Amino acid sequence: MVDVTESRAVDLRIGGKIRRFDIDDPKLPDWVDDNALSSDGYPYDDKMDEDKYEKQLEKLQIELVKVQFWLKATGKRLMALFEGRDAAGKGGTIFSIHAYLNPRSARVVALSKPTETEAGQWYFQRYIAHFPTAGEIVLFDRSWYNRAGVEPVMGFCTPEQYKDFMKAVPRFEDTIFDEGIIFFKFYLSIGREMQLKRFHERRHDPLKIWKLSPMDIAALDKWDDYTEKRDAMLEKTHEKETPWAVVRANDKRRARINVIRHILQSLDYDGKDKSTIGEVDDKILGFGPKFLK
């Protein structure tokens, strides 16, 4: 449970104004609620209709099952990593992909903080141990890119370690590509008010409160620091062979649909139904740092 013995109200500069946000107050401020969906220039005024979403999602999940059979038959390996700010919807997006796949050959990897042994290893080593074998799908809920964001922002690595990582990661991912692993990188982007709204929902929903971590609270006033590191990450690690697919995720439904569409469109699997998959919404999913500018 989250400790609420002390006030965690913070003053945040948003849109040129100082806003007071108290996550422990059961009432969500109007300035958060009114601006959540439209924050960060989100291109739609309404969320995707739920019935439409469920029907489209089911069809796409059927295609994902076809992909799993194809991977098993060909021995190909597929790996996708999901990055983004806290509450961006990474876990829910991964669940929508994984929900109907055979768990024997589809795994979700969400690593906790390194053990003492892991901390003494080559930085990428503990992630490599979870890479897919023939016929397998692996979905990373956060990845080695912790060192490009949360670690430098929160002081969990040295400036030299961050610098070394940013230099090494393109070469590391070139090796993944050369090895023949089908590799996707997704960055889920949300606006500030949407993040605050989701944090507030977690704080006051007894079924979701476990999702709210002390790290989330500590990061409330570090939005600009995370933005700076995000931009540097996308700029320096967006490569032709290993591109970043950037997803506007204020509406979780549209985000999930377009992530799955992108995966399916990128694969030449048996029984592929292009009409069922549909087209990726280029207002929701684009590539590299330019998509957020």
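Colleague: Which residue in β7 is the bridge partner of F186?
Modeller: This is a predicted model, with residues numbered from 1 along each chain as its sequence is written, and local features need a pLDDT of at least 70, side-chain atom pairs count only at pLDDT 80 or more, and totals for chains, interfaces and linings use all residues. Side-chain values use heavy atoms, with hydrogens and water left out. Strand β6 (residues 182-189) runs parallel to β7 and is joined to it by five bridges, where strands are DSSP runs of E with at least two residues, helices are runs of H or I with at least four, both numbered from the N terminus, and two strands pair if DSSP finds at least two bridges between them. In β7, the bridge partner of F186 is A245.

Colleague: Which residue in β8 stands opposite V247?
Modeller: Strand β7 is also joined to β8 (residues 285-287), here by three bridges and in an antiparallel arrangement. In β8, the residue opposite V247 is L285.

Colleague: How many of the five residues of β7 are buried?
Modeller: W244, V246 and R248 point one way from the strand, while A245 and V247 point the other way. Buried means under 20% relative accessible area, exposed means over 50%, and partly exposed lies in between, with a 1.4 Å probe and protein chains only. Both sets of β7 residues are buried, and for the strand at residues 244-248 the count of buried residues is five.

Colleague: Is N258 buried or exposed?
Modeller: N258 sits in helix α11 (residues 252-265). Leaving aside neighbours within four places in sequence, N258 is in contact with E279, V280, D281, I284 and L285. Because its relative accessibility is 3%, N258 counts as buried.

Colleague: Which helix gives the most to the lining of the largest cavity?
Modeller: On a 1 Å grid over the protein atoms alone, a cavity is a set of points where a 1.4 Å probe fits but cannot get out, a pocket is an open set with protein on both sides within 12 Å along at least five of seven lines, and lining residues have an atom within 4 Å of a point. Grid points are joined across faces, edges and corners, and a volume is the space filled by probe spheres set on the points; the largest cavity has about 270 Å³. Of its 21 lining residues, G84, R85, R142, Y187 and Y226 lie nearest its centre. With four residues, the element that gives the most to this lining is α10.

Colleague: How many charged residues line the second largest cavity?
Modeller: This cavity holds about 50 Å³ and is lined by L64, V67, L78, I97, L101, I137, L139 and I263. Ala, Val, Leu, Ile, Met, Phe, Trp, Tyr, Cys and Pro count as nonpolar, Asp, Glu, Lys and Arg as charged, and the others, Gly among them, as polar. The lining has eight nonpolar residues and no polar ones, and the number of charged residues is likewise none.

Colleague: How many charged residues are in the lining of the second largest pocket?
Modeller: The second largest pocket has about 280 Å³ of space, and R13, I14, R192, W223 and D224 lie nearest its centre among 16 lining residues. Strand β1 (10-14) and helices α8 (192-204) and α10 (223-237) each supply at least two residues of that lining. Three lining residues are nonpolar and four are polar, and the number of charged residues is nine.

Note on methods:
Contact means heavy atoms within 4.5 Å.
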